[in-house]
Amino acid sequence: MSPEFLATPIIEEAMTSDSEVPATPAPEEAQDPTQIEKSAPKQEFVGHEDYVWAFVFLHDNIHIVSGSWDGTMRKWNCDTGLLVGQPWTGKGGCIHALALSPDGKTVACGRMDGSVQRWNTDSGKMIEDVWTGHSREVRSLSWSPNGDHIASGSRDGTILIRKLDSGQTEMGPIKTGQRWVNVLVYSPSGDKIASGGLNETICIWDTKTGELVIGPIEELGASVTSLLWSSESKKVYAASDKFVRVFNSNSGIELHRFEHNDLVNSIALSPKHNVLACVGQPGVAQLWDTESYEPLLRQPFIDRQTLRCISFSRDGRYLASSGLDKKLALWVVKDMVPELT
Amino acid sequence: MASILDSNTVLQHPATEETHDEHTSELHNEQVSEGDSDCDVSDGLTHGYQNAESGSEESVEGNKEDPLRFEAIQKIERLALSFLEQLAGSLPNQRADITSIGISQIPINSRSKYPKIELQLADRHKTSECIRVIRYPLKRKGASIKPFAQILRVMDFAHQALVDNVPLTKRDMYYKDVPLFKAQGTVDRLVDDLACDIGPRTGRPQNCNLFRAASKGLICGTGLTIHLLEGKVISINDLEGTLIPTGEAIERFELKEDISWVLVVEKEAVFQTLCRFQFASHQSLPGPGLIITGKGYPDVATRQLVKTLSDNLPAHIPIVALVDGDAYGLDILSVYKYGSHSLRHENEKLAAKRIEWLGIWASEIADLEIDLDTLIPITLHDEKKALAVLSRATDVVPTKWRKELTRMLHIRRKAEIEILSGSSSQKSNSLIHYLAHKVCHFIEMSA
């Protein structure tokens with residue numbers, strides 16, 4: 001169907017789908033012979049009715065559990081691309097955060113109403129005891145490495161650390177002063193926890209005493225959207241503005257920064273390779289070598305889309321992403337970077 | 001000085017003000033202390049205005065006591081007569097026994113060498129009952145007829161407005177004769193002084209009650225308290241709209257809770273619906289917010305409020321607007337965001353740059369499971385207005401607006417907010433659902 005009247009370029013432009021496209025019209029794809037063929041995702045998981053805000057790979061490297069603004073969680077099979085069973089529906093509104101237990105059997109979700117629920121990853125059933133305590137939505141969750149505690153961060157600016165068996169709040173509320181606690185990550189050593197806030201700072205807390213040990217690390221350019229610890233707990237990676245910064249976790253000194261084209265929303269470290277994945281606003285989707293600090297891809301592996309969450313599977317084989325289009329995409333890392341063994 | 005007058009002050013007949021003043025002063029006397037039991041004051045004001053809202057604005061004025069309006073008309077006429085008499089009396093062969101009547105009197109026999117005409121007006125700026133005098137001739141080099149020409153013209157406009165019972169703003173007056181007035185300030189001063197002169201005496205010359213801004217904007221929500229000068233406090237609630245006071249009357253704002261969003265809606269009907277559902281504190285939103293309506297094209301008071309919020313709220317609190325997806329809706333949004341076309345010289349003071357278009361977009365109709373055929377076809381007026389908006393400079397029409405307007409012109413249909421609450425939509429309370437989702441989206445994107 002072609003527009004019969006008003007056939008001006010303005011109309012043509014207007015008729016393109018513009019849900020994700022940035023304001024400037026997309027330039028014509030340059031036929032550059034040196035461009036490597038962009039790899040396509042192996043699977044796309046379709047079904048959620050709203051933004052997929054968070055997801056986790058299960059330990060079997062075959063399943064993903066995703067949480068969405070539609071209030072449900074869904075379990076997906078990476079081999080078939082299909083939904084496993086029925087969506088897990090629960091009360092409390094939009095899901096803003098997910099965290100997987102170290103033994104992989106339980107996934108915790110944080111809800112709009114400030115509650116934290118735990119769900120069995122095999123049965124898809126919720127564990128009876130729902131934790132409340134935050135006055136605003138739960139934006140971040142982290143499980144302690146030994147599996148005994150769950151930390152939750154909220155828009156109300158506090159962190160609560162609860163003991164798993166009793167559900168009792170063991171530490172907190174820790175008043176972070178960061179306005180919203182967007183990100184919360186236990187160090188692999190378990191003695192520290194890092195929080196990233198709306199007020200563009202990072203704080204590192206002692207998990208036993210609740211005291212601030214490092215920070216607030218400032219001048220991050222924008223609110224902190226994602227945090228990671230290196231495997232030996234020596235470094236902290238932080239995404240906030242268009243830079244992903246690496247800090248020494250003991251001194252708080254910046255070691256390096258990775259630059260992107262736009263704001264970074266989520267980062268992930270491969271458990272197998274020295275690879276850092278970064279995604280964000282349209283045009284930001286890159287893989288970096290964490291030793292050489294070099295980019296591994298010549299162009300973003302996803303374009304023209306806002307991406308909110310990225311994660312590697314435990315064996316480092318898969319990379320999954322989700323954004324504002326209600327879907328998840330699954331990538332095979334080897335297809336994207338063939339030189340990785 | 002506690003002046004609530006600005007260049008948009010409407011010349012109403014004093015009756016409206018008398019009533020309200022009596023009302024508030026009564027409440028004041030009953031109260032223990034100022035600022036205390038402020039809900040009584042604001043309730044009184046709100047209820048007074050709320051009752052008025054049920055009818056048209058004209059009925060508000062028409063129902064009040066006309067004697068006061070006639071008194072004002074008479075006073076202007078007397079002032080004019082006084083001038084004419086002095087003019088006549090200053091002629092060379094004037095009989096000395098003519099006595100002049102009117103407010104300002106100068107004994108005709110006490111004439112100096114040169115004929116002199118004086119008009120005395122109350123001076124607002126002095127604390128006691130001082131008078132300001134407009135004299136002819138002035139002891140200066142330039143023409144001294146101008147002040148007289150100006151005050152007479154103002155009197156003329158005021159008189160006509162009172163006779164016709166039609167509201168008239170100072171800005172309107174200025175534009176009626178720009179070459180004569182030259183500056184808005186001239187009109188402002190003259191109107192203010194005239195107001196004091198012909199308005200009812202309340203014992204405090206600087207508190208001239210004749211003119212009040214007829215504000216029409218409403219606000220609802222929780223967590224915002226407006227402190228007026230003279231100690232009055234307005235608390236808003238999330239169940240019903242509170243009239244937005246003029247900027248000059250406001251001393252400061254107090255934000256109590258963690259307001260998470262600000263929503264401006266074009267239509268009053270939508271505003272009332274949102275109030276009914278207490279949307280400002282709705283549980284599907286991450287936090288409470290404020291809802292404002294200018295009831296169509298916003299007046300200065302509403303724009304001032306939105307601008308103040310835009311300038312002072314932190315960046316992670318989005319300010320969004322719900323307007324019809326047509327040229328008129330976008331024109332209204334444009335007034336909030338860039339200022340009105342005719343008042344370009346004032347735009348810096350009133351533009352709320354941060355406000356964004358939340359919806360409703362023609363392009364999202366399909367996502368909302370609404371049949372395109374249920375949209376209203378555009379009229380010739382819509383088309384002309386759309387083309388006019390599209391022809392404005394790109395810096396006052398963002399790309400998104402352009403795209404949506406062009407789409408509207410192409411599909412020959414426009415997306416109005418009503419379709420969300422109509423029977424064609426799938427979900428019940430779809431307006432609430434739509435807004436909640438969109439506001440959440442903007443909150444997340446602003447973080």
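**Note on the predicted model of chains A and B**

1. By the ring-pairing criterion, with centres within 6.5 Å, the count comes to twelve aromatic pairs over all chains. A:Phe301 and A:Trp331 form one such pair, with 5.2 Å from centre to centre and 80 degrees between the planes. Since edge-to-face requires planes over 60 degrees apart, this pair is edge-to-face. The model is a predicted one, and the values in this note should be read accordingly.

2. The pair of A:Phe301 and A:Trp331 links distant parts of the chain, its members being 30 residues apart. A:Phe301 belongs to the loop between strand E23 (285-289) and strand E24 (307-312) of chain A, while A:Trp331 belongs to strand E26 (residues 327-332) of chain A. Are these two residues buried or exposed? Both A:Phe301 and A:Trp331 are buried.

3. Elsewhere in chain A, one aromatic cluster is formed by A:Tyr51, A:Trp53 and A:Trp69. In chain A, the charged end of A:Arg155 sits over the ring of A:Trp180, at 4.0 Å from the ring's centre. In chain B, B:Lys400 lies over the face of B:Trp361, and the distance to the ring centre is 3.8 Å.

4. Strand E6 of chain A (residues 95-100) deserves a separate point. Six of its six residues are buried, so E6(A) is largely enclosed by the rest of the structure. E6(A) pairs with strand E7 (residues 106-111) of chain A in the antiparallel sense, over five bridges. Within this pairing, A:Leu98 has A:Cys109 of E7(A) opposite it. The two strands form a hairpin with five residues between them. In the turn, A:Gly104 has a positive phi of about 75 degrees.

5. The peptide bond from A:Gly215 to A:Pro216 is cis, with omega near 5 degrees, and A:Pro216 is part of strand E16 (residues 212-217) of chain A. The loop between E16 and strand E17 (226-229) of chain A holds A:Glu219. A:Glu219 is not a glycine, yet has a positive phi of about 55 degrees. The relative accessible area of A:Glu219 is 71%, and the residue is therefore exposed.

6. Turning to chain B, its secondary structure comes to 16 helices and 13 strands. Of its 447 residues, 53% are buried. Among contacts in chain B with a separation of 6 or more, 73% are between residues 24 or more positions apart. The accessible surface of this chain comes to about 20200 Å², and carbon and sulfur atoms account for 53% of that area.

7. Helix H14 of chain B (residues 399-411) has 13 residues, which at 1.5 Å a residue should span 18 Å. The C-alpha atoms at its ends are 18 Å apart, in agreement with that expectation. How many of the residues of H14(B) are buried? Ten of the 13 are, so the helix is largely enclosed by the rest of the structure.

8. Just after H14(B) comes B:Arg412, with a positive phi of about 60 degrees although B:Arg412 is not a glycine. B:Arg412 is placed in the loop between H14 and strand E13 (413-414) of chain B. With a relative accessibility of 30%, B:Arg412 counts as partly exposed.

9. Chain B also has a cis peptide bond, from B:Gly359 to B:Ile360, with omega near 5 degrees. B:Ile360 lies in the loop between strand E11 (356-359) and strand E12 (376-377) of chain B.

10. The last point concerns B:Pro318, in the loop between helix H10 (300-312) and strand E10 (319-322) of chain B. Buried means under 20% relative accessible area; B:Pro318, at 3%, therefore counts as buried. Which residues does B:Pro318 contact, leaving aside its neighbours within four places in sequence? They are B:Ser260, B:Trp261, B:Val262, B:Arg354, B:Phe442, B:Ile443 and B:Ser446.

Methods
Residues are numbered from 1 along each chain as its sequence is written. Chains are lettered from A and ligands numbered from 1 in the order in which they are written. This is a predicted model: local features need pLDDT of at least 70, side-chain atom pairs count only at pLDDT 80 or more; totals for chains, interfaces and linings use all residues. Side-chain values use heavy atoms; hydrogens and water are left out. Helices (H or I, at least four residues) and strands (E, at least two) are DSSP runs, numbered from the N terminus. The expected span of a helix is 1.5 Å times one less than its number of residues. Buried means under 20% relative accessible area, exposed over 50%, partly exposed in between (1.4 Å probe, protein chains only). Two strands pair if DSSP finds at least two bridges between them. Rings of Phe, Tyr and Trp (its six-membered ring) pair if their centres lie within 6.5 Å; planes under 30 degrees apart count as stacked, over 60 as edge-to-face and the rest as tilted. A charge sits over a ring if NZ of Lys or CZ of Arg is within 6 Å of the ring centre and within 35 degrees of the ring normal. Contact means heavy atoms within 4.5 Å. Accessible areas come from the Shrake-Rupley method with a 1.4 Å probe; for residues, only the protein chains shown count as cover.
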